[in-house]
Amino acid sequence: MLSSLFIIDSKGDIIIERHWRGRISRSVGEEFWRHVKSSEPQETLPVIATPGHYLIHVFRYNLFFVGVVTQETQPLLVTELLNNFVQILHTYLGGSSKVSDVSIKQHFTTIYQLLDEMIDNGYPITTELSLLTDLVKPPQTSLQALTSGALKARGNARSPVPWRKLGIKYTNNEVYFDVIEEVNCIVDASNATLRAEVIGRIMCNCRLSGMPDILLRFQDPQILKDCAFHPCVRYARFEQDQSLSFVPPDGEFELMRYRNDDILKDLPVYCRSQIHVYSGGGSLNIMLNGKQRSLDDVAVVIPLNEPILTQHLSASQGTLLYDDRLKQLKWKIGKVEPKKSVSLGGQFSTTTSGADIDVVGAIRVLFRMTSFCASGIKVEKVEIREPNLKKPFKGVRYLTFSGGRSNEGGGYEVRTI
């Protein structure tokens with residue numbers, strides 16, 4: 001499967017390399033960097049074919065994690081392994097703010113030990129954080145965060161499940177679930193939905209003593225489609241009544257993912273745009289509201305294919321910025337209250353005088369909504385079975401946001417023609 005792995009910084013320098021099936025020349029890194037320099041880092045193709053190799057990468061924390069494959073394999077399997085490795089690094093190094101080329105160089109011994117325990121002959125063998133912390137001692141900076149609130153497990157008895165140790169004890173027992181959904185859709189100029197899908201995931205943060213058995217029930221489980229589960233989930237039980245029955249790992253983990261593309265008949269955001277373009281400039285009028293719910297971190301991105309010379313645009317709320325390098329207007333709105341409409345209107349002029357310009361693709365709307373799920377999924381009940389637990393705290397939170405927030409493509413798009 002995986003022949004080698006390289007970690008490359010934002011300057012194109014290789015800071016970590018590990019080989020499992022013969023040594024791969026470092027010139028592969030140079031070949032990869034030539035593709036990166038030809039575009040933005042977020043726009044680099046996830047799979048790059050070179051003579052004799054396939055380069056599969058993920059871009060996180062301003063670093064490239066590149067897997068080298070020399071024979072036919074499933075790219076998504078390699079991508080999932082790289083993402084899992086990045087998440088382990090995030091936990092071991094103490095959070096996203098501490099994952100950098102400097103911290104990786106400082107803890108390179110720990111990282112090589114993690115790679116040796118996680119991957120054997122190019123295949124993943126151990127990817128559970130609770131097991132890895134037993135095999136590879138975390139750096140002192142993150143050791144307290146990994147063990148915060150938990151008392152030391154007793155004895156060396158073998159656990160009945162590989163993802164959870166025996167004898168875990170907490171002074172405060174609690175478990176939290178975060179239902180996080182990303183909305184991707186295309187809306188035409190008349191505000192009719194042409195395509196819409198929700199990509200969701202359920203994150204769990206478990207701080208429970210002993211060996212708890214949790215049952216998660218949903219109000220309308222038929223919403224959940226194309227599901228992928230953590231190994232702790234009993235799939236036979238889900239097939240039976242669409243509930244999640246599992247013994248959770250200790251700490252934070254992703255419980256499941258799902259997708260649905262036959263919902264969103266009533267989109268959470270209404271956006272109407274009128275853009276008229278002529279030789280030398282144009283005019284625009286955009287109106288947006290959040291219908292019955294408030295929106296946070298709202299922004300509207302308007303791409304153009306010509307630089308703007310002057311603009312006379314006024315917004316009822318927020319600020320307007322023009323990025324000359326990306327040739328796009330960005331209207332930063334912030335918070336929009338329920339049933340309140342915000343608008344942007346005016347004229348602009350461009351450097352083109354002999355030909356018309358067009359809006360590139362579609363307007364993108366960025367937003368975040370708390371205590372709301374676009375798919376309509378709701379957790380009906382959380383049951384915890386553990387004889388020694390007395391009234392543990394249980395909590396469920398919901399979050400919906402627009403797709404395309406971390407890169408320059410996709411997301412919540414509104415066409416102008």
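Helices here are DSSP runs of H or I with at least four residues, strands are E runs of at least two, and both are numbered from the N terminus. Keep in mind that this is a predicted model, where local features need pLDDT of at least 70, side-chain atom pairs count only at pLDDT 80 or more, and totals for chains, interfaces and linings use all residues. Residue numbers start from 1 along each chain as its sequence is written, and side-chain values use heavy atoms, with hydrogens and water left out.

Let's start with the sheet. Five strands make it up, open and antiparallel, in the order E2-E1-E5-E4-E3; two strands count as paired if DSSP finds at least two bridges between them. At the edges sit E2 (14-19) and E3 (47-50), each with pairing on one side only. From one strand to the next, the twist averages 20°.

Now look at E1 (residues 4-8) and E5 (residues 63-69), which run antiparallel and are joined by five bridges. Here Ile-8 stands opposite Phe-64 of E5.

Packed on this sheet is H2 (residues 75-92), touching E1, E3, E4 (53-60) and E5, with contact meaning heavy atoms within 4.5 Å. The direction of H2 makes about 35° with that of E4; axes are lines fitted to C-alpha atoms, for helices over the stretch in contact, and angles run from 0 to 180 degrees between N-to-C directions.

How far does H2 reach from its first C-alpha to its last? Its 18 residues span 26 Å, close to the 26 Å expected at 1.5 Å a residue (1.5 Å times one less than the number of residues). Just after H2, Gly-94 takes a positive phi of about 100°.
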